[in-house]
Amino acid sequence: MLDAITKYLGSNVTPGEAGSMFWATIYILLITAGVSLAVLAMTWLERKILAHMQVRMGPMRVGPHGLLQPFADALKLLTKEDVIPEGADKIVFRLAPVIVMMAAFTVFIVVPFGRTHAATDMNIGILFMLGVSSLGVLGVITGGWASNSHYPLMGSLRSAAQMVSYEVAMGLAIISAVLMTSLGTVGTGTLSMIGIVQAQADQHVWFVFKLFPLGLMAFVIFAIAMIAETNRAPFDLPEAESELVAGFMTEYSGFRWSLFFLAEYTAMLAVSSIAVTLWLGGWLRPFPNFLSGSAWDFAFSLVPGLMFLGLAAACFLGVLRMPKIPQFKVQTIGLAAFGALLAFIGLVLLVPGVRERAQDIFWFTAKVAFFQYCYIWYRATFPRYRFDQLMKVGWKVLLPVSLGVLIVTAIVGVRQELWAAITGVTR
Amino acid sequence: MSDGKFNRPDLLDLDTKEETFLDTTEMVLNMGPQHPSTHGVLRVILKLDGEKVLGTECIIGYLHRGVEKIAENRTYAMFNPYVDRMDYVAAVSNGLGYCEAVEKLLAVEAPPRAQYIRVLMTELCRIASHQVWLGTHALDIGALTPVFYAFRDREEILKIFEKYCGARLTTHAFRIGGCIYETYEGFEQDVKVFCEKFLPKLDEYEELLTTNRIWVGRTKGVGILAAEDCIALGVTGPVLRASGVEWDLRKKQPYEAYSKFQFDIPTGLNGDTYDRYLVRIQEMRQSVRILQQAIEDIPSGPIMAKVPKVIKPALGEVYHSIEAPKGELGYYIVSDGSTQPYRVRVRPPSFVNLQALDKMVHGMLVADVVAVIGTLDIVLGEVDR
């Protein structure tokens, strides 16, 4: 056992590549747990951030600053009555949330949280991700149809049209990023998620800045399409609360509903991971060019630990500022315990061996977290698009622009060869 | 799924089905009475071709409390608090309309100071009502934040109401013949501070919406109502003004002290949802203008006219209407010479404006129905009474 651990820690490839079924399973379990936890954290953060943008407090009662609210919500959902409408197609109705969930979670197999921190590295990684994440729409359609009710049906129809049409622009944006992997001085084009990040490391540029502004344009297109793909504001038509009550989820309740909910947030994390991997350098630390050198490397590797310590300090400050009355005793102790946990994680992250390996995960997560913040921000700011306007944006704006970006990227990429072919001069 | 299980399957007798390349079945969608954005208990039956609305039918009465019938069994003064329960978002305006109608019947006039207090309170109420409209309308279109901003600022108005008459929502602020309460100490200061603070807040709302591309896209050209249609349907208030008709009872048939104030009647050009939004926003600015003038020149003196203890109007009838936040609010009162009205008929703006819904959403999408219900600014308590 110990041998296996040391052998694994010494290796420089993902468990999938190394052919270690055992470690791959461990990784999958870890990722599933991590993503579920992240979803719990996100529900809390979303409510808090949204609340603060809307001049209110958000959850404050369950735990210090409502930290335990997600757990309370989960418990509530689990204990709710599980209703299946009378006229519903029972098998499909039960199956739909499972499909959505599985599609959302499966994509995480190939997400590279670090050079070695992925379940496996597929040579068709990005294709796999795109393919599996599109399966989610199947669950949405069947769920809406199986409910045998008008609002879910309309919600699922909207959702189907929306997801399919935005996938086109999304795919084209991804292709132009994949194309960029072949434009460096070293290496060739690759569809592997790890390969794509490696290409950005080798070319010393994140693809969002590559061939400026082409990379940026592709990134923006993807960033818009991914919001539509995950049915979030301002493209949240399938579950438009004010029109369709709850869209395709109207007839669902209890745990089945929470599966849809979980899948939505997981899908948000998944598409953000794609965006981070393709354009924002995946696990690479920021400013590798300006702030290079071993001293800077060392400084940046300290950031994760210090950040956790800072959060812990904030918690302890909160403990000090808690009202000193018996009613707040449990809250104060809870906050202190949470701070202690954060401090412990921070200290572990400062240990030399862990530091180097864990910082990859930290940078990746931090970039994904930025996208999650944007998701919440959009939700607080924008009204909702109408169905026809949504389609117009998808087909008349995003699709032509992404096609144009792809073509221009290709032409710029082969400009020397093209020039040689035109003038007849070979290099 | 479209046929059958309705209790009235032949409800929508529409011949508007268009010839399409693919023959699709029409769907009948029941929206409400429990629905997040029908502003209460409105039930709308939509006949849909995909997302397109072929026709609508409004079913009302889920909040019917028989207010008009109650009036026949109460004395004039006793009925006064009931009117607050009609348009509960703008209770002060309801009370003003009723009190004035009875005053007209009795041929008395409120003293100048009472008139000014009435103007101040109703204009505050107009702002509060428009804030509720703004918040819910934006929420219907998917903008989550304005509703919280609007309610935060509405709170200041409700605080003034509470200090003045002890109630926040159903105020019962006025009495027949004037006001029963003198303004509290610091009232003028409160109103002045509110006016000062509210204008930047209004800019804040506009910042979120007026130039927002999605907002403009969702509201421009949606639910267009031409001026002649408005007049034919009897639509009044901001909806009428947004269609370009300069009709405001505060100017055209001045009541209370309104003839003494300088203010404009904001009008729109296209009569679409965006224009109605702009008109209401401008109206809030005009209300602030009126408030500022009124608080400067408020005269001193009595606040109650000489009204007999037992109100017993002579045989006769009267119709009096005021410009409520939602449109023309009229009271038709018939007196048989006793202490109780023989008949009270209310002309509620929401009820009349709701008639325009079908015309406005014809051929639009489902999402527009929600936007149009929001822009009509209906309160079901007033529609059903």
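## A look around a predicted two-chain model

Let's start with one residue: S335(B) is buried, because 23 other C-beta atoms sit within 10 Å and 20 or more is enough to count as buried. Keep in mind that this is a predicted model, so everything here describes a computed picture.

**S335(B) and its surroundings**

Where does S335(B) lie? You'll find S335(B) in strand β7 of chain B, which covers residues 327-335. Setting aside neighbours within four places in sequence, which residues is S335(B) in contact with? The list is L105(B), P313(B), A314(B), L315(B), G316(B), E317(B), P341(B) and Y342(B). As for Q253(B), that residue is 82 residues away from S335(B) in sequence, and the two C-alpha atoms are 23 Å apart in space.

**The sheet that holds β7(B)**

Now zoom out to the sheet. β7(B) belongs to an open sheet of 3 strands in chain B, with the order β6-β7-β8 and antiparallel pairing. Which strands stand at the edges? They are β6 (316-324) and β8 (341-347) of chain B; each has a single partner strand, so one side of each is left without a neighbour in the sheet. From one strand to the next, the twist averages 15 degrees.

Have a look at how β6(B) and β7(B) go together. They pair in the antiparallel sense over 9 bridges, and they form a hairpin with 2 residues between them. Y319(B) stands opposite Y332(B) in β7(B), while E323(B) has E328(B) of β7(B) as its bridge partner. There's a helix here too: α3 of chain B (residues 91-106) packs on the sheet and touches β6 and β7 of chain B. The direction of α3(B) makes about 150 degrees with that of β6(B).

**Another sheet in chain B**

Chain B also has an open sheet of 3 strands with the order β1-β2-β3, again with antiparallel pairing. Here β1 and β3 (52-59) of chain B stand at the edges with a single partner strand each, so one side of each has no neighbour in the sheet. Neighbouring strands of this sheet are turned by 20 degrees against each other on average, direction ignored.

β1(B) is joined to β2 of chain B (residues 43-49) by 5 bridges, and the two run antiparallel. Within that pairing, M27(B) has L48(B) of β2(B) as its bridge partner. Helix α14(B) lies across β2 and β3 of chain B, running at about 150 degrees to β2(B).

Here are the bridge partners and facing residues named so far, side by side:

| Residue | Partner or facing residue | Strand of the partner |
|---|---|---|
| M27(B) | L48(B), bridge partner | β2(B) |
| E323(B) | E328(B), bridge partner | β7(B) |

**Where the two chains meet**

How many residues of chain B are in contact with chain A? There are 27, and they meet 23 residues of chain A. On chain B, β1 (27-31), α4 (112-141), α5 (146-165), α7 (213-219) and α14 (366-376) each supply at least two residues of the side that touches chain A. That side of chain B divides into 17 nonpolar, 6 polar and 4 charged residues.

**Over to chain A**

Next, a pair of helices. α12 of chain A (residues 254-279) and α15 of chain A (residues 352-381) pack with their axes 9 Å apart, at an angle of about 120 degrees. That angle makes α12(A) oblique to α15(A), and the crossing of the two is right-handed. From α12(A), the contact uses M268(A), L269(A), S272(A), S273(A), A275(A) and V276(A). From α15(A) come F364(A), K367(A), V368(A), F371(A), Q372(A) and Y375(A). Sorted by type, the residues of this contact are 8 nonpolar, 3 polar and 1 charged.

Buried or exposed, which is V351(A)? V351(A) is exposed, because 11 other C-beta atoms lie within 10 Å and 12 or fewer counts as exposed. V351(A) and G305(A) are 46 residues apart in sequence, yet their C-alpha atoms are 8.9 Å apart in space.

Finally, there's helix α17 of chain A (residues 415-423). Of its 9 residues the number buried is 0, so α17(A) lies largely in the open. Just after α17(A), G424(A) takes a positive phi of about 80 degrees.

Terms used
Residues are numbered from 1 along each chain as its sequence is written. Chains are lettered from A and ligands numbered from 1 in the order in which they are written. This is a predicted model: local features need pLDDT of at least 70, side-chain atom pairs count only at pLDDT 80 or more; totals for chains, interfaces and linings use all residues. Two residues are in contact if their C-beta atoms, placed from the backbone, lie within 7 Å. Helices (H or I, at least four residues) and strands (E, at least two) are DSSP runs, numbered from the N terminus. Ala, Val, Leu, Ile, Met, Phe, Trp, Tyr, Cys and Pro count as nonpolar, Asp, Glu, Lys and Arg as charged, and the others, Gly among them, as polar. Two strands pair if DSSP finds at least two bridges between them. Axes are lines fitted to C-alpha atoms, for helices over the stretch in contact, and angles run from 0 to 180 degrees between N-to-C directions. Angles under 35 degrees count as roughly parallel, over 145 as roughly antiparallel, 65 to 115 as roughly perpendicular and the rest as oblique. A crossing is left-handed if the near helix is turned anticlockwise from the far one by less than a right angle, and right-handed if clockwise.
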